[in-house]
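Have the structure open while you read, and take the points in any order you like.

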Amino acid sequence: MIKTRFLYNDNAFCGFLLKGHADSGEYGYDIVCAAVSVLAINTVNSLEQLALVKPQVVSDEKNGGYLKVNVNLNQTNNSAVQLLLNSFELGMRSIADNYQDYITIEDE
């Protein structure tokens, strides 16, 4: 199961953490994993190319199943960052609503 947590700093959305594997299908055919991966990678790319920020990205590239993305809000175009992170959250909540057996949102 993929566990998702949205990260906040002083009530401002600053990133996200993804842990685990969806296991909704065979490797290479897991549509939940693919959807989450596309959203996460697109969000990082959009933060860099559209909001012009460099998020801190930590991932377990050897084993997979771990991705933490964090933005330093003191050095950013905050409205663009918030829009992109909120778009990511919207997509993740939609996936979680439709595939609750494979993904959870951990609200703090």
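1. Ser59 is partly exposed, at a relative accessible area of 34%. Bear in mind here and throughout that this is a predicted model. The residue sits in strand β3, which covers residues 56-59. If you skip its neighbours within four places in sequence, Ser59 is in contact with Tyr66 and Leu67. Asp101 is another matter: 42 residues along the chain from Ser59, with 24 Å between the two C-alpha atoms.

2. On to the sheet. Which order do the five strands take? They run β3-β4-β2-β1-β5 in an open sheet, and the pairing is mixed. β3 and β5 (103-105) are the edge strands; each has a single partner, so one side of each has no neighbour in the sheet. Ignoring direction, neighbouring strands are turned by 15° against each other on average.

3. For the pairing of β1 with β2, look at residues 2-9 and 12-19: the two strands are antiparallel and share seven bridges. If you want a spot to check by eye, Leu7 stands opposite Gly15 in β2. The loop between these two strands holds Asp10, which is exposed with a relative accessible area of 75%. Asp10 also has a positive phi of about 55°, although it isn't a glycine.

4. Leu52 has a positive phi too, about 60°, and again it is not a glycine. You'll find Leu52 in the loop between α1 and β3. Buried or exposed, for this leucine? Exposed, with a relative accessible area of 69%.

5. Now the helices. α1 (residues 31-49) lies across β1, β2, β3, β4 (66-70) and β5, and runs at about 140° to β2. α2 (residues 78-98) lies across β1, β2 and β5, at about 40° to β2.

6. The largest nonpolar core has 30 residues, and those touching the most other members are Phe16, Leu18, Val36, Leu47, Val81 and Met92. Two or more residues each come from β1, β2, α1, β4, α2 and β5. α2 gives the most, with eight residues. As background, nonpolar side chains tend to be buried together in soluble globular proteins.

7. Leaving out residues up to four places away in sequence, what does Val36 touch? Its contacts are Ile2, Leu18, Met92, Ile95 and Ile103.

8. The aromatics deserve a look as well: there are four aromatic pairs in the structure. In one of them, Phe6 and Phe13 have ring centres 5.7 Å apart and planes at 80°, so the pair counts as edge-to-face. Both of these residues are buried, Phe6 with a relative accessible area of 3%.

9. Because Phe6 lies in strand β1 and Phe88 in helix α2, the pair ties together parts that are 82 residues apart in sequence. Phe88 is buried, at 1% relative accessibility. Phe6, Tyr8, Phe13, Phe16 and Phe88 make up one aromatic cluster.

10. Gln82 is another residue of helix α2. Is the glutamine buried or exposed? With a relative accessible area of 18%, Gln82 is buried, because the cut-off for that label is under 20%. Its contacts, not counting residues up to four places away in sequence, are Ala12, Phe13 and Leu73.

11. Last, the cysteines. A disulfide is a covalent bond between the sulfur atoms of two cysteines. How many does a search of the whole structure find? The count is zero disulfides. Cys14 counts as buried at 4% relative accessibility, whereas Cys33 counts as partly exposed at 33%.

How values were computed:
Residues are numbered from 1 along each chain as its sequence is written. This is a predicted model: local features need pLDDT of at least 70, side-chain atom pairs count only at pLDDT 80 or more; totals for chains, interfaces and linings use all residues. Side-chain values use heavy atoms; hydrogens and water are left out. Helices (H or I, at least four residues) and strands (E, at least two) are DSSP runs, numbered from the N terminus. Buried means under 20% relative accessible area, exposed over 50%, partly exposed in between (1.4 Å probe, protein chains only). Contact means heavy atoms within 4.5 Å. A disulfide is a pair of cysteine sulfur atoms within 2.5 Å. Two strands pair if DSSP finds at least two bridges between them. Axes are lines fitted to C-alpha atoms, for helices over the stretch in contact, and angles run from 0 to 180 degrees between N-to-C directions. A nonpolar core is a set of buried Ala, Val, Leu, Ile, Met, Phe, Trp, Tyr and Cys residues joined through side-chain atoms within 4.5 Å. Rings of Phe, Tyr and Trp (its six-membered ring) pair if their centres lie within 6.5 Å; planes under 30 degrees apart count as stacked, over 60 as edge-to-face and the rest as tilted.
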